[in-house]
Each structure stands twice: as C-alpha cells, then as structure tokens.
Amino acid sequence: MRDKHCGLVSGDDIGKVINLAGWVFRRRDHGGLIFIDLRDITGIVQVVFSPDISQGAHERAGDIKQEYVLKITGKVEKRPPETENPNIPTGTVEVLVSSFEILNTSKPLPFQLDEEEPNESLRLKYRYLDLRRPEIQKIFLARHKAYRTTRDYLVNNGFYEIETPFLTKSTPEGARDFIVPSRLNPGMFYALPQSPQLFKQILMIGGFDRYFQIVRCFRDEDLRADRQPEFTQIDIEMSFVDVDDVLAISEGLIMSLYKELKGVPADFQIPRMKYADAMELYGTDKPDLRFGLPLTDITGIFQETEFGVFRKTIEQGGIIKGLVLKGKTLSRKDLDTAVDTAKAMGAGGLIWIRKENDILQSPIVKFLKDEEKSSLSGTFDLSNGDVLFIVADSKDKANDVMGRFRLYLGERFDLIEKGVDRFLWVIDFPLLEYSEEEKRFVARHHPFTSPKESIRNFNGDYESIIARAYDLVLNGVEIGGGSIRNYRMDEQMEMFRLLNIKEEDAVEKFGFLLEALEMGAPPHGGIAFGFDRILMMFLGLESIRDVIPFPKTQKGTCLMTGAPSNIGQKQLNELRIKTVVK
RNA sequence: GGGGUCGUAGUUAAGCCUGGUUAUAACGCCGGCCUGUCACGCCGGAGGCCGCGAGUUCAAUUCUCGUCGACCCCGCCA
C-alpha cells in the first residue's frame, strides 16, 4: 500500500515516484494550490496538489478534510528555494501528488489535535484521538524503548523472563485485593496479584537463579496522581545474593533506563541513607534531596525550659524539631500562612523565630531564657533575616509534620534545584511497625522480609529490628523497593509469630511457600520498580496517567469503555452472585 | 470516609467577586475568494439548557445549598 512512512521521506527520494499513506494533519488550501501535511507515527511530510501535476487530483482534493486517511501517489521533489521548512525533518522535500485515494473520511473531531490540550476527561473519552497527537505518541515510543532496555539489560545479566499467574490467591496482608469470582467453584474467588511476590520466591526455590518480569499489578486502593489500580512493575528476584548484589544490579538497570530515556550519560553512584537518618534529617522515608532544609532535633536545648508547650512535650516523651530558612524575606503574612499550613498538616502549632537586627523575634521569645536563645542562634547559625520554624510533638508526629512542611517551604520559596535528579537508596528499614488499627505489629515491607539479625536476639524491643529492605527514591518519590527474604522455615515462622499470625493461619494462607522453604530454598532477595512512575519521572510528566495508554480516572472508571459496568443477570447467575446495591 | 479546585458554543478560555443590555474572543465548522503555504491569508455565516436540581430575589451564568463529573490532597496504598 505504501513505500515509505511519511516522516522518513528524505532528499534520497528526490525524483522517485512513491506511495504514502497517513492522516491529514493540516491542510492549506490556496485555491489554485493545496498543501497537506500527511502524518503517521514517524512524522509529517508536505504533499502538494497542483493542477499543473494533475487537474483531477487537485479538483478532488478540495473535499479532503482534517484526519481523513489518504493514500497518495506522487513524485518527491526538492522544495523550491525559500519554501523549505527547517522546523520539520522532511522540510527540504515535498511530494507532488499525481493521484490519491481517500481510504477513510473523518467527522470533525471533538477536539483539535494540534492545539492546546482539552480537559483530561475529553482526552480519555476519545483516547484514540489523543493517542494520535505526536507528543503523546512520543511518550509511548519512549515506553516501548524502556521495555526493550529493561529486557536487554536484565537478559544480559543472566535473568530469565518468566510469567506468573494473574488469577491467584487472596493474601490478607497489604493492599486490598481485586477479586474475581470462580464460576467452577461457586462462592470462591481468585484475587488479582498485588505483586508476584510469592511466585518469584517460588521460582528461586525452583532453581531459576535470576528472574524478571515486566508485570501488571493490581491494588484496590484509592488513586492519586502517581497511583493507578493497575500498574506495571519491573519485578526482579535473585538467588544467592545479599543487599549489595541487588542494589548493584538495580543501579545498572536504572542507569540504562536513565540513559535511554533522558539521552544523557548516567554512571553516577546512588548514595545510601539509613531509614533512621532519613527520618531524623528529613522526617520522611523518601527524602527529596534536591534541596537542603534538614531538620534538627533541638530537644536538648530545652531540657530546663520554662516555655510551657516545650516543657509539656518533653515531659510526655516528645521531641522538638526545627529547621531554618535562610536568605528569604518573609512577610508577616508568609509566616501566618506557614503556621496555617503546618496546622493543616496535623501540627498542634508551628513556632517561628526570626532574627532581625541581631535580635530574635517571635511571639514566644519572651518565654525563652537567654541561654536557650543563644543556643538556637548557635545551632542554626542564625543571621539577620533567617527564620527558624519549630514543631514540638511526639517523635512520629513532629517528624511527619516537619518533613511535609519542609517540602512546602521547598516549593513555596523555590528552593528545588531544577533539571537535576537526586536518586537515593534508603536502607535499613525497620522490619515491623505497630498498627494502631489492628493492635499488632505488621510487616513494614512484607512478611517475607529477612531481618538483619535473627529475631531471636531481640527481646520485646521489636521495633528496633532492622530489615534487609531497601527503597529507591528519586526526588522524593519512591520508585522501587525490595528486600532479602527469609529462606528458612524457622525464620519465617518466627516472623509470623511476631506478626501475631497463628501457625494454622500461616499454613492456610502461605502453606505452599512454607513447605517450599523446607525443601532446599536458596538464599534469595529481590526488588520491584514502578515502571510507570519511572517513566513519569524520567520524562518529566505530572501524572501517571500520562504514561499509561488507557488509564482510569480517580474513581477507577475508564471513560472510553465505560468500565466498570453492570453485568447481566445471566452472568450473575452463572457465578452464583447476588448484588445488594440498587 | 474527609478537605479543596474546576465545570460557559465542537474545543480552549473571558465574564461571575459587585445579579439586570444581544453572554465575549480565538481555534474548529459551513459558504465564498486565493498557485508557494507550512498555526497560510482575506470576506461572510451558523453555532449556547452558562453540568444538573432546588433555594434566595421583581430578576440568577453570576449569590446559597444539594447533586453529578474531572482533577489535587488527607485517610488508604505490606
């Protein structure tokens, strides 16, 4: 049907008669002469309808409209001098049409492809039109390249690509499962995997040594700008490894992707930070290192304080944390807004202290002793104009609020370094965290994570157990995480014991894994990367929906297909399902 | 479950705060002219339940409440 793609017509074709096919992008009808930019996935080329070439073709070309699908036959010519278009790759040539065929017509589109983006719901409803836009196609070509880069890199490093089931078993820990009713087993349900976690461990026990999969995962949780109910992971598992081995392979993969997608050399080392340090310095387990503003624990300064708020906090075992904003001029309104912002983040209050004419100014300054004031000045090296922000609360709350308040200041006062990417490994996560809701310890990463030291060495102080778990963070966003797993039955059972999961429940839920651990399971560990998030970050996009061809809305619907939808009574009967919603 | 932003021709926006006239513009669409444009140009035209429903008012696109939808955030997301 065609000899070439539109965007690939070049000077080499001059003089040749070729067939092209594509969509009508723009038409410029001069009456006596009609120009059309013909578009396909590779780009656009100008085709010319002139009565000097074909009277008939020129006449019929008057009917051609935007987004018609054309097949044209014509001679490639060098453009006359002064009419070359340096803005497009094919701008030195044009195709003089001798004959053409309208392969399909098009109604006027609900939105223009070459203009300002219409609102997102319209784009999603007519996703096929949105996907025609060259800038959108660029994203999915990049996504395609990322699949290839991932496969090339991992295969070259001895990994085998193996598939795992989508129809699998519901696991109680972690995110809410999507469930699928089983017709053959009425009243029973499959669950879609939140990740192939157990299967990849089984594959290691199955002797495959190194596994990877670019795999869809499903989590029935609320959506966010960077969260979709189905998303893609680069899932990796390796045998006979420890933390450093997994991080090294991961760095290689991330660098390959960075290089491929950003087109810049990437051979930097990714720094590592312990979880405890991240919390202490940045109040979060995923610090954005594109700006400073570290938090400082100043509880020590106020041991003898007469200021009630601080004294009470300390008495109740809480902490006092501060951060200093330097070199910015803050109005009284800025300060008030800052206080409101911190309160909205859950702070009981936010105290600001400003140094002005070598004197500390603050609503609370009258409660502070001279030595407290000079300690603050010294600790934060306060100069005139600097503003110190302080929160006093429980340790977790103070860190959380100050961590988020730090991000607010970073954005509000434009402190974030532009055009740079700051990767960070956060390591040495706690194995457990206490769930107030469930009144028990839950796995911070997942229940199969191995502790750094045997759990038996800890007596009651379970929150201090360090896991061999790690997260990869980019500019304050988690883009991957994993751990070294328990590979011995006794260690895994210890873990379940800590999680207050009864042996019979553990057997009921994960019996196959526990059995497998008893039959020569090798030491193993792995990691999973959020493929969509990586693309979104590397391509500088705002939303995960931008890198997913057919994304869901925040309510989990697909505006193009109308999913989810009702199903007929017949289907419900087959599944033995009764619904209770009208 | 909670907090917030937005919803006006096919599209993108303005008007709304401070209620009242024919609801404005650009692009698109329709008709006409145009042989070197490339976001072609010029002339003319059509196109609106101002998301939906209540309320306040003599009068509501404008104010209030509710509702639906999209988006952002908190909770949630091992």
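Before I open the model, one term: buried means under 20% relative accessible area, exposed means over 50%, and partly exposed lies in between, with a 1.4 Å probe and protein chains only.

**Entry 1: ground rules.** I am looking at a predicted model, where local features need pLDDT of at least 70, side-chain atom pairs count only at pLDDT 80 or more, and totals for chains, interfaces and linings use all residues. Residues are numbered from 1 along each chain as its sequence is written, chains are lettered from A and ligands numbered from 1 in the order in which they are written, and side-chain values use heavy atoms, with hydrogens and water left out.

**Entry 2: Asn475.** I started with this residue: is Asn475 buried or exposed? Asn475 is buried, because its relative accessible area is 9%. I found Asn475 in the loop between strand E20 (469-474) and strand E21 (477-484). Helices (H or I, at least four residues) and strands (E, at least two) are DSSP runs, numbered from the N terminus. Next I looked for polar contacts. Such a contact is a pair of N or O atoms within 3.5 Å; within protein, one must be able to donate a hydrogen and the other to accept it, and residues adjacent in sequence count only if both atoms are side-chain atoms.

**Entry 3: the whole chain.** I stepped back to chain A, which has 582 residues, 49% of them buried. I counted 15 helices and 22 strands in chain A. Its C-alpha atoms fill a box of roughly 95 × 75 × 55 Å along the principal axes. The domain bounds I noted come from an automatic or database domain assignment. They are domain 1 (6-104), domain 2 (137-262 + 482-572) and domain 3 (291-412). Taken over C-alpha atoms, the centres of domain 1 and domain 2 are 47 Å apart.

**Entry 4: the cores.** A nonpolar core is a set of buried Ala, Val, Leu, Ile, Met, Phe, Trp, Tyr and Cys residues joined through side-chain atoms within 4.5 Å. Which residues have the most contacts inside the largest nonpolar core? They are Ile236, Phe423, Tyr470, Phe529 and Phe538, in a core of 46 residues. Helix H6 (residues 243-262) gives the most to this core, with 10 residues. Apart from it I found another core, of 35 residues, including Ala278, Val426, Leu431 and Ala467.

**Entry 5: RNA strand B.** I call a residue near a molecule or strand if one of its heavy atoms lies within 4 Å of it. How many residues surround RNA strand B? I get 48, and the closest are Asp29, Thr83, Glu115, Arg444 and His445. Of the atoms of RNA strand B that come within 4 Å of the protein, sugar and phosphate account for 51%.

Then I looked at single atom pairs:
- Asp29 has a backbone N or O atom 2.3 Å from a base nitrogen of RNA strand B.
- Arg227 has a side-chain N or O atom 2.9 Å from a base nitrogen of RNA strand B.
- Gln112 has a polar side-chain atom 3.3 Å from a sugar or linking oxygen of RNA strand B.

The elements that give two or more residues to the surface near RNA strand B are strand E1 (17-29) and helix H2 (120-125). By class, I noted 11 nonpolar, 17 polar and 20 charged residues on that surface. Here Ala, Val, Leu, Ile, Met, Phe, Trp, Tyr, Cys and Pro count as nonpolar, Asp, Glu, Lys and Arg as charged, and the others, Gly among them, as polar.

**Entry 6: cysteines.** I searched for disulfides, meaning pairs of cysteine sulfur atoms within 2.5 Å. By this rule I count 0 disulfides. For Cys217, the nearest cysteine sulfur is that of Cys558, 20 Å away. Cys217 counts as buried because its relative accessibility is 0%. Cys558 counts as buried too, at 10%.

Entry 7: Pro51 is in the loop between strand E3 (43-49) and helix H1 (55-61). Pro51 counts as partly exposed, because its relative accessibility is 26%. Pro51 and Leu33 are 18 residues apart in sequence and 7.4 Å apart in space, C-alpha to C-alpha.

I found Leu293 in the loop between helix H7 (275-282) and strand E12 (296-297). Leu293 has a relative accessible area of 12%, so it is buried.

At 45% relative accessibility, Asn573 is partly exposed.
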